[in-house]
Each structure stands twice: as C-alpha cells, then as structure tokens.
Amino acid sequence: MEATPTPTPAPNLVSSSLADVRARIANSCAACGRQPIQLIAVSKTKPIPLLEAAYAAGQRHFGENYVQELVTKAAHMPMDIKWHFIGALQSNKAKMLVGVPNLYMVESVDREKVARALDKAVGDMQREGRLKVMVQVNTSGEDSKSGCAPGETIELARFVDEECAKLELVGLMTIGAPDEAEEPVAFRVLREEREKVARELGRGVGELILSMGMSEDFERAIRMGSDSVRVGSTIFGEREYPKKE
Ligand SMILES: *Cc1c(COP(=O)(O)O)cnc(C)c1O
C-alpha cells in the first residue's frame, strides 16, 4: 500500500512548535514544583533541514529509532548533539551504533542479548567511559511494543548493572499505550518497576530516571514523575507511516 504523504512543516515552523512544546513542559513542571525536565526531539524519518532548524533553536538531545538513520544523520549534524537510540535494536547492529562518537544513550535495552552486544561493542571499540543505557519495559502488554515484560525488569536491570562493565544503567523507558486517564496505567507500572529495581540494586529511586511521555501524553507523564520526554510529531509534523517503536 502506498503511504499517503502528509505535510512536513517548514523549518521555521519547527522552531515555533519546539518553543511551544518547551513552554508546555515548563508549565507542567512548574505545576508540580519541578525544574523543566529533559526534552528529546524524536526526529526519525525527518529530513536533515528540520533537524538543523531544531538545532538552531537550541535543541541538543535528539532521538532516532533506526541504526542506519542515526549513523547517517549523526555524520551530517554537529558533534555536540546528544543522540538517543530509542528503537528496537538487533544485536548485530550494536557495533555500528556504538561507533557513533556522540551516541549519548541507548534507551531501548529489552533483553540480555542486546545488553551483552552493546557491552562488547563498547569494549571492542575502546569507547571512552561507560555507555548510558535504559531498560525498556513493555508496560502495555501489547505484542506490537518492544520492551521486556514488567516481571523481567529486575533481572534485566541486574544483568546490566552487574554483568556489563561498560554499560551504565541510568533508568527505565516505556512507550505506554493510548490511555485517556489522568494517571495512565503504563506510567504507574514504570514507576513501580523503578522502585523495585532501586530496592533490588540497592540504589536510591532518584538515581534511576524515567523516560516516558510522547506527543500525546507528555504532560501527563510529567505529572507522574517523568524525567525525560520523547516528542516527535508535535515538533516535526506527522510521520508518513504508522507510529512504531
Ligand atoms: C516515535 C517515538 C516517539 C515519538 O512519538 P511521537 O508520538 O511522534 O511524539 C517516542 N518514543 C519512541 C520510542 C518512539 O518510537
């Protein structure tokens, strides 16, 4: 089936939608007495000029879902960008991904095999320091979403923490599910998983951050304690194919 082309905003619209998203984040944070949290601009499928517009407007954290696309864009964009990989990762692509010098974080570690591949890649490529990673949890139970089952979070987090010397576990990520509730179930589940992981690993809850909230629900995610929101279409315009993780 042919994808129906949908409008992509002009670069000058990117800076205004970005400003709008930032203002909404600031308001939501102020309402719960917090400093503005991190915004990741999810630029998957979007052309370089739109990323450049966001960069010119001061955006530095960008998120991508596909390894090849991140590698290509990283080579074309300034080096002070902090790239977040947020897509499903095949372990055989770990090396290519880790080869991006300004890869900042991999948020989508959902099984031991991926953690092990990233750990090995960081070691093999003699990358400096540890690579920040998050464990992705499938909080909605939908088969279409990646992430480990909530019941597996502790085990996977422990594996990263204890067996992967080159990785630094910094938090948990989830996509969630469409949920109009004031307190979406998926976000509550992620928060509970963090408490369990912190307890099991002997870390403070505040040492593990939560990456949750996208275009449709980032304000509710902030109210529920998100530390990092990943916003794509509200900044860059709708994508030309269904949303995928
Ligand atoms: C695409 C994507 C986003 C951004 O989605 P929008 O609804 O466009 O804001 C955030 N997180 C992940 C993991 C994604 O795949």
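Q: What is D119 in contact with, leaving aside its neighbours within four places in sequence?
A: The model is predicted. In it, D119 is in contact with E163, C164, A165, K166 and L167. Contact here means heavy atoms within 4.5 Å.

Q: Why does D119 count as buried?
A: Buried means under 20% relative accessible area. D119 has 15% relative accessibility, so D119 counts as buried. D119 is found in helix α5.

Q: How far apart are the C-alpha atoms of D119 and N12?
A: They are separated by 40 Å. Along the chain, the two residues are 107 places apart.

Q: Why are α5 and α6 called roughly parallel?
A: Two packed helices are described by the angle between their axes and the distance between the axes. Helix α5 covers residues 112–124, and helix α6 covers residues 153–163. Their axes cross at roughly 20°. Angles under 35 degrees count as roughly parallel. The two helices are therefore roughly parallel to each other. Their axes come within 10 Å, and α5 passes α6 in a right-handed crossing.

Q: Which residues of α5 and α6 meet?
A: From α5 come E112, A115, R116 and D119. From α6 come E155, L156, F159, V160 and E163.

Q: What makes both faces of strand β2 covered?
A: Look at residues 61–64. H61 and G63 lie on one side, F62 and E64 on the other. These residues are all buried.

Q: How do you know that β2 pairs with β1 and with β3?
A: Two strands pair if there are at least two bridges between them. Strand β1 (residues 38–42) is joined to β2 by 2 bridges. Strand β3 (residues 82–85) is joined to β2 by 4 bridges. β1 and β2 run parallel, and β2 and β3 run parallel. G63 in β2 stands opposite V42. In β3, the bridge partner of G63 is H84.

Q: Which helix does the chain pass through between β2 and β3 in the β-α-β unit?
A: That helix is α3, residues 67–76. The β-α-β unit is right-handed.

Q: Which residues of α2 are buried, and what do they pack against?
A: The buried residues are L50, L51, A53, A54 and Y55. They pack against α1 (11–31), β2, α3, β3 and α9 (233–236).

Key:
Residues numbered from 1 in each chain as written. Predicted model: local features only at pLDDT ≥ 70, side-chain atom pairs only at ≥ 80, totals over all residues. Heavy atoms only, no water. Buried < 20%, exposed > 50% of the residue type's maximum accessible area, 1.4 Å probe, protein only. Right-handed = clockwise from strand over helix to strand, strands pointing away. Axes fitted to C-alpha atoms, helices over the stretch in contact; angles between N-to-C directions. Parallel < 35°, antiparallel > 145°, perpendicular 65-115°, else oblique. Left-handed = near helix turned anticlockwise from the far one by under 90°.
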